[in-house]
Amino acid sequence: MSDCNSCPSKGKCGSSSESCGKKNNPLNKVKKVIGVMSGKGGVGKSTISAVLARTLKNKGYSVGLLDADITGPSAVRLMGLRGEHAYGDGNGNILPVESKDGIKVMSLNLMMDDENQPVIWRGAMLSSCVTQFWSETLWGELDYLIIDMPPGTGDVTLTVMQSIPLSGVIMVSLPQDMVGMIVTKSLNMARMLNIPVYGVVQNMSYVKCPHCGEKINIFGSDTSSIVLEQGIPLLGELPTNADLAALSGGSGEVSDPEILQVFENIVKTIE
Ligand code: ADP
């Protein structure tokens, strides 16, 4: 990003457009950076980031996953990397850790001795950590870098959106008015910063009866206000599903063809 006109801090930050965008490591060549975003926490950003990374990898792309949710990191568990550590290369760079399916991952939990220890940092520290994950991690050549964004429209989200050249973002929402309202804030933030929004994924949209296959819309409707009112494309609806939930334990596969189809649609949109 080098466009000060779209920046909410325009005229107040003291930096020029040339000094604002964080340059990537010259050893990194990342073709597309995709943010997975939502104003709300707990809606499935990390789960969707992980499955999207795997779907892209299965299609033959080289993929990285940057966990920008510094205070609530989930990528390590979702990618089956619990107990792994990231180390430096001796030249000031950080080496990402590769999952068993070959996805390069960077997350603060790869640097913690104890994953249960909280990170109690102010915004500036959190933001600096994310920019380091971008510019000091040796991502190498990647077709896609997926960024699991933090919830909300605060400091770190702003840093990611201003410092990292996002190709676009995918919004994750639930088909419920209150969540839709908060996700709309994120959507408007992306619009204000001129970042393309590929569309919205409605997570936990329904539950499928294991006996008859009937879809039960637990939130009472199958689309939320964000799709209807904001006119952004609906990339797909995901069920509340045991296989998706199990991924957070670091194991398991998603096999439901309807779920896989949603991820195929997302891939087609970002390709
Ligand atoms: P976020 O990154 O937005 O905070 P997570 O991906 O960590 O959200 O998901 C929050 C919780 O909900 C996790 O425990 C995850 O396993 C679970 N979860 C997310 N999506 C689904 C789904 N479609 N079905 C079942 N559980 C889900």
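What follows is a chat about a predicted model of one protein chain.

Me: Before we start, what kind of model is this, and what pLDDT do local features need?
Reply: It's a predicted model, where local features need pLDDT of at least 70, side-chain atom pairs count only at pLDDT 80 or more, and totals for chains, interfaces and linings use all residues. Residues are numbered from 1 along each chain as its sequence is written, and side-chain values use heavy atoms, with hydrogens and water left out.

Me: Which way do S1 and S7 run, parallel or antiparallel?
Reply: Parallel, with seven bridges joining S1 (residues 29–37) to S7. For two strands to pair, DSSP has to find at least two bridges between them. Isoleucine 34 stands opposite isoleucine 146 in S7.

Me: What about S2 and S7, how many bridges there?
Reply: Five, and S2 (residues 63–67) and S7 run parallel. Here aspartate 67 stands opposite aspartate 148 in S7.

Me: What does valine 63 touch?
Reply: Leaving out residues up to four places away in sequence, valine 63 touches several residues, among them Ala53, Leu56, Leu142, Tyr144 and Ile146. Contact means heavy atoms within 4.5 Å. The C-alpha atoms of valine 63 and alanine 53 are separated by 6.4 Å, and the two residues are 10 apart along the chain.

Me: New topic: helices. At what angle do H2 and H9 cross?
Reply: The axes of H2 (residues 45–58) and H9 (residues 257–270) cross at roughly 70° and come within 10 Å. That makes H2 roughly perpendicular to H9. The axes are lines fitted to C-alpha atoms, for helices over the stretch in contact, and angles run from 0 to 180 degrees between N-to-C directions. Under 35 degrees counts as roughly parallel, over 145 as roughly antiparallel, 65 to 115 as roughly perpendicular, and the rest as oblique.

Me: Which residues meet there?
Reply: From H2, Ile48, Val51, Leu52, Thr55 and Leu56 meet Phe263, Glu264, Ile266, Val267 and Ile270 in H9.

Me: And H5, how many of its residues are buried?
Reply: Eight of the nine in H5 (residues 155–163). Those buried residues include Val156, Leu158 and Met161.

Me: Last one. Which phi does asparagine 194 have, positive or negative?
Reply: Positive, about 60°, although asparagine 194 is not a glycine. Asparagine 194 is in the loop between helix H6 (177–192) and strand S9 (197–208), and is exposed, with a relative accessible area of 51%.

Me: What about methionine 204's phi?
Reply: Methionine 204 has a positive phi of about 50°, and is not a glycine either. Methionine 204 lies in strand S9 and counts as partly exposed, at 27% relative accessibility.

Technical notes: Helices (H or I, at least four residues) and strands (E, at least two) are DSSP runs, numbered from the N terminus. Buried means under 20% relative accessible area, exposed over 50%, partly exposed in between (1.4 Å probe, protein chains only).
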